[in-house]
Amino acid sequence: MVSGEETQVAAARSAGSAAPIAFQHVSKRYAGRGQAAVTDLNFEVPSGEICVLIGPSGCGKTTALKMVNRLITMSDGDITIDGKSVSGIETAQLRRGIGYVFQQIGLFPHLTVEDNIGTVPRLLGWPKARIRERALELLQLVGLGAEDNLRRYPGEFSGGQQQRIGVARAMAVDPPLMLMDEPFGAIDPITRDRLQDDFLRLHREVRKTIIFVTHDIDEAIKMGDRIAIMRDGRLVQLDTPDNLLAAPADEFVADFVGADRGLKRLRVWTLNDLELDPHIAGGLPSAPASTTLRDALSLMLTEGETRITVTGQDGAPRGSISLQAIAAMLGPEQRAPAS
Amino acid sequence: MSIFLPFGSSPSPSPSPVIPTFGGGGAQSCVAKNGQFCGSWFVDNFGARFAPRLVEHIELTAIAIGIGMVIAMAAALFAHRHGWFETPFSLFAAFLYTVPALAFFELMVQVTGINRFTAEIALVSYTLLILFRNTLAGLRAVPPDALEAAQAMGLTRRQTLLRVELPLALPPIMAGLRIATVTTISLATVAAYIGAGGLGQPIFDGIQTGFKTEFLAAGVLAIVLALAADGLLVVAQRLLTPWARRRRA
């Protein structure tokens, strides 16, 4: 199994550091405002997980995120990264060790892409050659790996490309934790979808701990290993996307995830997750096993069939699946395996 | 501003012009007839009569702009952090700006005497308003998202100022610098009135003697100097802000 070992070595090399983060009874009150912005937030994000904070505007999700790198000072409680309190670390040093991506991107328009990505490495005293090498490596990681790009200015790139550079910049010093505040919120839907896919692929490689703020439930379902729903500064439910959709804790959550939560769950599952019926020869439409149940159902509806053939990676049929099987899998007692 | 002194506007009846005798070339020469512009006299006398004045003029301007920039920059940085400072300093600078140049020079002479120092005080005063306003406007126009990024990446206040705010404020600062420089070159001609030298000297001399070539040449030199300085600053700005011209097509 030489090749297996090689893959493991490569994966280990590309996998960066990650650290668990814990909110311990964190509150934030602003002087002169009756209601607290965040009240008694208490949860953990295990190392390497994407935790999405979501809720209506004003629910405190961005405040919670910004207390991690102390852009906002918490009033009560503590936040620890890898067991160390963020309050005990000097602000600049703390922030240099946490990747930060936000909706407005905030690339420095007067610096080249290389200098943008190299901002924190330079503060940490990296030699020039190493900064350049790292910048190019990161550009490759986010799909902009042409060497000319290093010398170009942010204004020469599209919004989607700029956010890719923003993600690369946030990862410059391989921080164990990244904070992402609606990172794809200002990007057109098609580009956003591609960025989300690419980011998930990237995350599978580097496995950083990520706190991701959004107000878009579809994005939360797609990006989150777990989703924390907040309301009026409090955590209402923290669960996997599938659990959240299958068993909302209360009416507010049910309302927030939407009346079509049954349909949304179809995206969480793929044909791979189901037990297949035997293959039935003859003329059925087919879909690869990696297809989401949503797309499989759509295929059935467009083809007017109640059964489709499921194929393996090689395209050979592996079995079939029926409409009834899909419907049965979505009952409240069924849960998708953790992604 | 006194570059464009009207030709031959000496009060009538015009006194007979005191033409320098060093022109040579007899009674029919351009100088003897006090022609509009005696090119060969100018060429012959450039090195001795104009070049030193030109250098003086450049010095007067450069010192005024240098000191003015330091004061305006410090004031703008202070006002950027402490907003209340903007109004009093603006009023102060605007007041200085409105004082008529000749009156200002005359007033300052009584305090600091007839010398270059006095001239510089006046010239610096005139640069402050535009330099202060533009520098402050530049600092305030720095995109807030760049500032948030700088803060979130752990840049200190000083690092943010030097690496983000000042470079991004550069275009408006340079625009202010250009206006201030051209204005000062023009104003500095009046400084000869209190013995500060510069191109104002041959202008005053020419007016006094009625020798047209002399004041015309000095006036044109001041204009050429202003244009050249402006051009240099444009080039400098382009070199300093390479990102400004690089945009996605």
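How far apart are the end C-alpha atoms of helix 1 of chain B, and what distance would a straight helix reach? In this predicted model, helix 1 of chain B covers residues 39-81, a run of 43 residues. At 1.5 Å a residue, a straight helix would reach 63 Å, but the end C-alpha atoms of helix 1 of chain B are only 55 Å apart. Helix 1 of chain B also contains a kink of about 75°, and this kink is centred on B:Phe46.

The packing of helices within chain B was then examined. Two packed helices are described by the angle between their axes and the distance between the axes. Helix 1 of chain B packs with helix 8 of chain B, which spans residues 212-240, at an angle of about 50°, and their axes are 11 Å apart. This angle makes helix 1 of chain B oblique to helix 8 of chain B. The crossing of these two helices is right-handed. From helix 1 of chain B, the residues B:Trp41, B:Phe42, B:Phe50, B:Arg53, B:Leu54 and B:His57 take part in the contact. They meet B:Thr213, B:Ala217, B:Ala218, B:Leu221, B:Ala222 and B:Leu225 in helix 8 of chain B. Sorted by class, this contact has 9 nonpolar, 2 polar and 1 charged residues.

Helix 8 of chain B also packs with helix 7 of chain B, residues 200-209; the two axes come within 7 Å and cross at roughly 155°. Because angles over 145 degrees count as roughly antiparallel, helix 7 of chain B and helix 8 of chain B are roughly antiparallel to each other. Their crossing is left-handed. On the side of helix 7 of chain B, the contact comprises B:Pro202, B:Ile203, B:Asp205, B:Gly206 and B:Ile207. These residues meet B:Lys212, B:Glu214, B:Phe215, B:Ala218 and B:Gly219 in helix 8 of chain B. The contact has 5 nonpolar, 2 polar and 3 charged residues.

A further pair in chain B is formed by helix 3 (residues 101-112) and helix 4 (residues 116-140), which pack at an angle of about 135° with their axes 9 Å apart. Helix 3 of chain B and helix 4 of chain B are therefore oblique to each other, and helix 3 passes helix 4 in a right-handed crossing. Helix 3 of chain B contributes B:Ala101, B:Phe104, B:Phe105, B:Met108, B:Val109 and B:Thr112, which meet B:Phe117, B:Thr118, B:Ala119, B:Ile121 and B:Ala122 in helix 4 of chain B. By class, 9 nonpolar and 2 polar residues make up this contact, with no charged residues.

Between the two chains, 22 residues of chain A are in contact with 17 residues of chain B. On the side of chain A that touches chain B, helix 3 (91-96), strand 6 (98-102) and helix 5 (119-123) of chain A each supply at least two residues. Helix 3 of chain A provides the largest share, 4 residues. This side of chain A has 11 nonpolar, 8 polar and 3 charged residues.

Key:
Residues are numbered from 1 along each chain as its sequence is written. Chains are lettered from A and ligands numbered from 1 in the order in which they are written. This is a predicted model: local features need pLDDT of at least 70, side-chain atom pairs count only at pLDDT 80 or more; totals for chains, interfaces and linings use all residues. Two residues are in contact if their C-beta atoms, placed from the backbone, lie within 7 Å. Ala, Val, Leu, Ile, Met, Phe, Trp, Tyr, Cys and Pro count as nonpolar, Asp, Glu, Lys and Arg as charged, and the others, Gly among them, as polar. The expected span of a helix is 1.5 Å times one less than its number of residues. The bend at a residue is the angle between axes fitted to the seven residues ending there and the seven starting there. Axes are lines fitted to C-alpha atoms, for helices over the stretch in contact, and angles run from 0 to 180 degrees between N-to-C directions. Angles under 35 degrees count as roughly parallel, over 145 as roughly antiparallel, 65 to 115 as roughly perpendicular and the rest as oblique. A crossing is left-handed if the near helix is turned anticlockwise from the far one by less than a right angle, and right-handed if clockwise.
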